[in-house]
Amino acid sequence: MQTVMSIAIDALAYGMVLFVISIGLSVTMGLMRVVNLAHGAFAMIGGYLASYAARDLGLGYAAGVLVAIIGTVIIAVPIERFLYRRIYGAPELTQVLMTIGITFCVIGITNFAFGPTLKTIPLPPSLQGSLDLGFRSIATHRIFAIASGLVVAALLWFLIEKTAFGIKIRAAVDNAAMTAALGVRTEIVYAVSFAVAIGLAALGGVLGAELLPVEPYYALRYMVTFLVVVSVGGAGSIPGALIASLLLGAIDTTGRYLAPEYGEFFFYLAVILIVTLFPRGLAGRLK
Amino acid sequence: MAVPMAHQPKPTLSIGKRFTDNGLLGVLAILIIGLLGYFLVPNNLALLTQIVAIALLVLSIDLVTGYCGVATLGHAALFGAGAYAAGIAAAHFGVTEPLTMTLIGLVGGALAGLVSGLVILRAHGLAQLVLSIAVIHLFHEAANKASGWTGGSDGLSAIMPDPIFGMFEFDLWGRTAYVYALLLLAVVFVALRLLVRSPFGMLARGVREDPIRIAAMGASAHSVVLRMYVISGAVAGIGGALSAISTQVVGLDSLSFTLSAEALVMLVLGGVGSLYGALIGTVVFMLFEDTLSAANPFHWLTIVGALLIAVVLFAPKGLYGTGLAVAGRLKRRPS
């Protein structure tokens, strides 16, 4: 029972972190149809910036999160303008190569700037302890991660389903050319969604630093995981990404607890099964 | 399903033309450049041998990516399968005859090609890419877990190949291994040259251009690509076996995602859809890597990344394709 509870809490927290990072990828992939392997690189930049602000400058956790999100978006916007905009609509191989190139550059440059060591982001005292539920206690940080994931999901749902901008996004996802013909500046929609997506990636990178440690090869190590979440969930779908994150988080965490010697074997086996059974994702809008 | 192109009359070519078309020039270039390498860097023949082994992997990716249009990030699975097949045969079953080991690697790679082809070709686009990544990780974890056979993360050692034909011993300098590698590459190159120009190779190109039309013509696009995947696996398996024979160890890194991604980068750097491009990309990339990564691995990563972005933006046909285009323009200018 004790094990089941720990697995459940860890899986939920891990799934929520996956969700916060991957949802941006899912939205941009549904919107711009770009296979973006560099998404994890932006989460990594977020983690490094937060670590620098919170640990080296001593600004505290909240300031670290803010610095991470704003800094990463500032870095990402010119990249979108000058690199991504050229590969919209290009063949997948081109997109994969360009975004792998960006990932390699980010890894090289961050390590040149910050050094090749593991970065920690010190938690504030309010997130360090554990919460006593009577029958067992849960690390506060896990609860914080789960709550943040829920808040992000709710805010995104509101943004996309209830606001004028959300209508433009949905229209552009369904038919970009028609939306542009109706007078919507789609490139601005793209740029803003990209910025939001990158901001979420940075947030996820900071939130998940306890579960996905921020280290030099972060961008490569988890690149695949985020891509898998989007592929399993279906690009462009919030509920799909949420279900996929929780499902894959549960499979991965259970595998690690019960059969650690198999590594990620079961995770990838499950991925192959799911992708083979649902090639368009659990709730895909892509084609 | 019948392949309608099998009964087309063959275009008549003079013998000389046929030889150049079938890659005699390419083979000569491989052997001459290879021998130049032998005399220019006699102290680093191990690196040159490794370049040849990786070149076979890159050629095999070119078969499925360049000729059939399948984007894959998991092709090292076939290379590693060949390497482990040859290595296990030598270390556990005492099959130490190098030619037999190469053949075993070929079969191992082809089997891995069949398995991963069956999985990967079930989907298209993003899903296909994700499946290919999942396949390479699955192979990697399986090899790590089966440490009784593969040595796990320590790698499989104790591979002691016999002298080739009982005469040419594998020496400390790697001379025999390098000459063997060059000859192997030349043979594979001729075979692939014949393959991509055969009716089957044309059919594969057709699948890349328009699978629906190929299906309408009565050929099964899926079976064409799957057969190409098996052939590609055989080529990659030969590369893996060569790597196992020459280095006498097989490590888990031969089954890694990084190797898959790097090999794809080499192919794109040289030029997708051309055998020469695959060879040029491998040589340029590996020589650069050897000199630059010795200085600082992270600078090397930055440079590879920048190189990739530059190739995508400015030379989408790769070094070979862009070189051809530039040469064509220069030739036209004086007239």
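**Close-up views of a predicted two-chain model**

**Figure 1. Helices H1(A) and H6(A) pack against each other.** The axes of H1(A) and helix H6 (residues 140–162) of chain A come within 8 Å and cross at roughly 40°. Axes here are lines fitted to C-alpha atoms, for helices over the stretch in contact, and angles run from 0 to 180 degrees between N-to-C directions. H1(A) is therefore oblique to H6(A); angles under 35 degrees count as roughly parallel, over 145 as roughly antiparallel, 65 to 115 as roughly perpendicular and the rest as oblique. Among the residues making the contact are A:Ile9, A:Leu12 and A:Phe19 of H1(A), and A:Arg142, A:Gly149 and A:Leu156 of H6(A). Two residues are in contact if their C-beta atoms, placed from the backbone, lie within 7 Å. By class, the contact of H1(A) with H6(A) has 13 nonpolar, two polar and one charged residues. Nonpolar covers Ala, Val, Leu, Ile, Met, Phe, Trp, Tyr, Cys and Pro, charged covers Asp, Glu, Lys and Arg, and the others, Gly among them, count as polar.

The model is predicted: local features need pLDDT of at least 70, side-chain atom pairs count only at pLDDT 80 or more, and totals for chains, interfaces and linings use all residues. Residues are numbered from 1 along each chain as its sequence is written, with chains lettered from A and ligands numbered from 1 in the order in which they are written.

**Figure 2. Chain A is built from helices and strands.** Its secondary structure comes to twelve helices and two strands. Helices (H or I, at least four residues) and strands (E, at least two) are DSSP runs, numbered from the N terminus. Along the sequence, the pattern is α-α-α-α-α-β-β-α-α-α-α-α-α-α. Of the 287 residues of chain A, 52% count as buried. A buried residue has 20 or more other C-beta atoms within 10 Å of its own, an exposed one has 12 or fewer, and a partly exposed one falls in between, with C-beta atoms placed from the backbone. The C-alpha atoms of chain A fill a box of roughly 60 × 45 × 35 Å, taken along the principal axes.

**Figure 3. Chain A touches chain B.** This contact takes 38 residues from chain A and 34 residues from chain B. On the chain A side, helix H4 (92–114), helix H10 (218–233) and helix H12 (265–277) each supply at least two residues. The largest share, 17 residues, comes from H4(A). By class, the chain A side has 26 nonpolar, eight polar and four charged residues.

**Figure 4. Two loop residues have a positive phi.** Most residues other than glycine have a negative phi. A:Arg33, which is not a glycine, has a positive phi of about 55°. A:Arg33 is found in the loop between helix H1 (2–32) and helix H2 (39–56) of chain A, and counts as buried because 21 C-beta neighbours lie inside 10 Å. In chain B, phi of B:Gln248 is near 65°, also a positive value. B:Gln248 lies in the loop between helix H11 (221–247) and helix H12 (257–270) of chain B, and is partly exposed, with 18 other C-beta atoms within 10 Å.

**Figure 5. B:Val64 sits in a helix of chain B.** The helix is H3 (residues 45–66). B:Val64 is buried, with 28 other C-beta atoms within 10 Å. Not counting residues up to four places away in sequence, B:Val64 touches B:Val70, B:Thr72, B:Met228, B:Tyr229 and B:Ser232.
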